[in-house]
Amino acid sequence: MSSYRSLILGCGPRARAHAEVYPELERMELVAACDLDEERLEEFTTTYGIEGAYTDYETALREMEPDIVHVVTQPARRVWEAECAASAGVQAAIIEKPIAVLPSEMVGLALVRDESGMKMIVNCQRRYFPQFRDGHIRRVMLEEIGEVYLIRAGAKGNLMSMGPHMMDLLLQLLGDVAPESVWAMAYGIDETGYKAYHRAPEHTFAEYWFPGGIRVLFDCDTEALGTPDEENFWMHLHFDILGTKGRVYVTQNAGWWYQAEGMAEPVHGESSWDTQQRDGQRDFQQAVADWLDGGEPHLNRFDVAKNGFDSLTGALQSAYEGRRVDLPHSLTDAQWHELRERLISGDAG
Ligand SMILES: NC(=O)c1ccc[n+]([C@@H]2O[C@H](COP(=O)([O-])OP(=O)(O)OC[C@H]3O[C@@H](n4cnc5c(N)ncnc54)[C@H](O)[C@@H]3O)[C@@H](O)[C@H]2O)c1
């Protein structure tokens, strides 16, 4: 079995979650890190005992010849970051969410993937939390609560910050099918801080129609209905799944429950960011080497992530056009920019 050499691009707070699980990974070795900020780079490489320290990405790729690259930057230059990796012969790029912001970026990434064959995996690591990875919740949806007809999904983050995670889990729960149509409305935009890169309406409410007539109410809004007792905006992610014979309620941080006809009490399962994030990230990363070694395709492979991005972009197209639209979306960058201008000027999408 090969041992894969990895490079982390971007040494910000999120990169720590990627680096700290390396000692537990098999056949994967973190050999280099790269950041424009020398102080950050120095602190990061010292903390994790990383041999190669670079401020220039292309030099790092050339000199270290990594097999795997982690792209842990803000979503500003994803296509260039992927192109550089592919040109340097990298076998797999783990890209932090959001994989793209503009419609054309997804087109560019698909081209890189098709032309180079480089595997691209998007870091929506919750797929590797056991209740999702091992299909516990999906099994209940398929076997215990009758026909699923409505899902309410909620997150208190915008469409590019928490939207990718919420859409990713929703798609996994529904068996990675694509939605057929969407009707959405949106208003407001906040481009301060990290949202200068995670550009999306501050408030989006979308209704999706999935195969089988399943309706999804997708509330991705800083004012979305949250879960009790949570303070951090990203802890509020939850799903309320209604079937003809029962119901499943999934929170990110306080467990999940289901109750079906004839059950006196709900059944409770574990779901906790605090206890599951680290192992989830580790298993997510290990699955990359396993896939390169000919094992199971990664749960967050490019096609899956593209379905998630395209579904979110469909909501933007609907907000732009002010009507229900069939999917796949056809939103252009020019329309995206026009929608943004409208959001800035205070017109609702
Ligand atoms: N999956 C998750 O649960 C999760 C959680 C938090 C954040 N994120 C995502 O992780 C990403 C990074 O977040 P962060 O908070 O660590 O960002 P950050 O801005 O704090 O860090 C990014 C780092 O990348 C460096 N960088 C950017 N371009 C570079 C280049 N060309 N060459 C070298 N270095 C470069 C910057 O100098 C910076 O230090 C974001 O996309 C965010 O959405 C994901």
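Colleague: How many bridges join strand β4 to strand β5?

Modeller: Please bear in mind that this is a predicted model. Strand β4 covers residues 68-71 and strand β5 covers residues 92-96, and the two run parallel. Within this pairing, V69 has A93 of β5 as its bridge partner. The number of bridges joining the two strands is four.

Colleague: Which strands are the edge strands of the open sheet of six strands?

Modeller: The sheet has parallel pairing and the order β3-β2-β1-β4-β5-β6. An edge strand here pairs on one side only. That applies to residues 52-54 and residues 119-123, which are β3 and β6.

Colleague: By how many degrees are neighbouring strands of this sheet turned against each other on average?

Modeller: The figure is an average over neighbouring strands, and the direction of each strand is ignored. The value is 25 degrees.

Colleague: What angle does the direction of helix α3 make with that of β2?

Modeller: Two helices may be described together here. Helix α2 (residues 38-48) packs on the sheet, touching β2 (28-34) and β3, and its direction makes about 160 degrees with that of β2. Helix α3 (residues 57-64) also packs on the sheet, where it touches β1 (4-9), β2 and β3. For α3, the angle with β2 is about 145 degrees.

Colleague: Why do the buried residues of α3 lie on the same side of the helix?

Modeller: The buried residues in α3 are Y57, A60 and L61. They lie on the same side because the arc they cover around the axis is only 100 degrees. In general, an α-helix has 3.6 residues a turn, so residues three or four places apart point the same way. The arc asked about is thus only 100 degrees.

Colleague: Which residues are exposed on the other side of α3?

Modeller: The buried residues of α3 pack against β1, β2, β3 and α4 (78-87). On the other side of the helix, the exposed residues are T59 and E63.

Colleague: Which residue follows α3, with a positive phi?

Modeller: Helix α3 comprises residues 57-64. The phi of the residue that follows is near 45 degrees, and that residue is E65.

Colleague: What is the radius of gyration of the protein as a whole?

Modeller: The protein has eleven helices and 15 strands. For 349 residues the globule rule gives 20 Å, and the protein comes close to this, so it is as compact as a globular protein of that length. Its buried residues make up 47% of the 349. The radius of gyration is 20 Å.

Terms used
Residues are numbered from 1 along each chain as its sequence is written. This is a predicted model: local features need pLDDT of at least 70, side-chain atom pairs count only at pLDDT 80 or more; totals for chains, interfaces and linings use all residues. The radius of gyration is taken over C-alpha atoms; the globule rule is 2.2 Å times the number of residues to the power 0.38. A residue is buried if 20 or more other C-beta atoms lie within 10 Å of its own, exposed if 12 or fewer, and partly exposed in between; C-beta atoms are placed from the backbone. Two strands pair if DSSP finds at least two bridges between them. Axes are lines fitted to C-alpha atoms, for helices over the stretch in contact, and angles run from 0 to 180 degrees between N-to-C directions. Two residues are in contact if their C-beta atoms, placed from the backbone, lie within 7 Å. The arc is that of the directions from the helix axis to the C-beta atoms.
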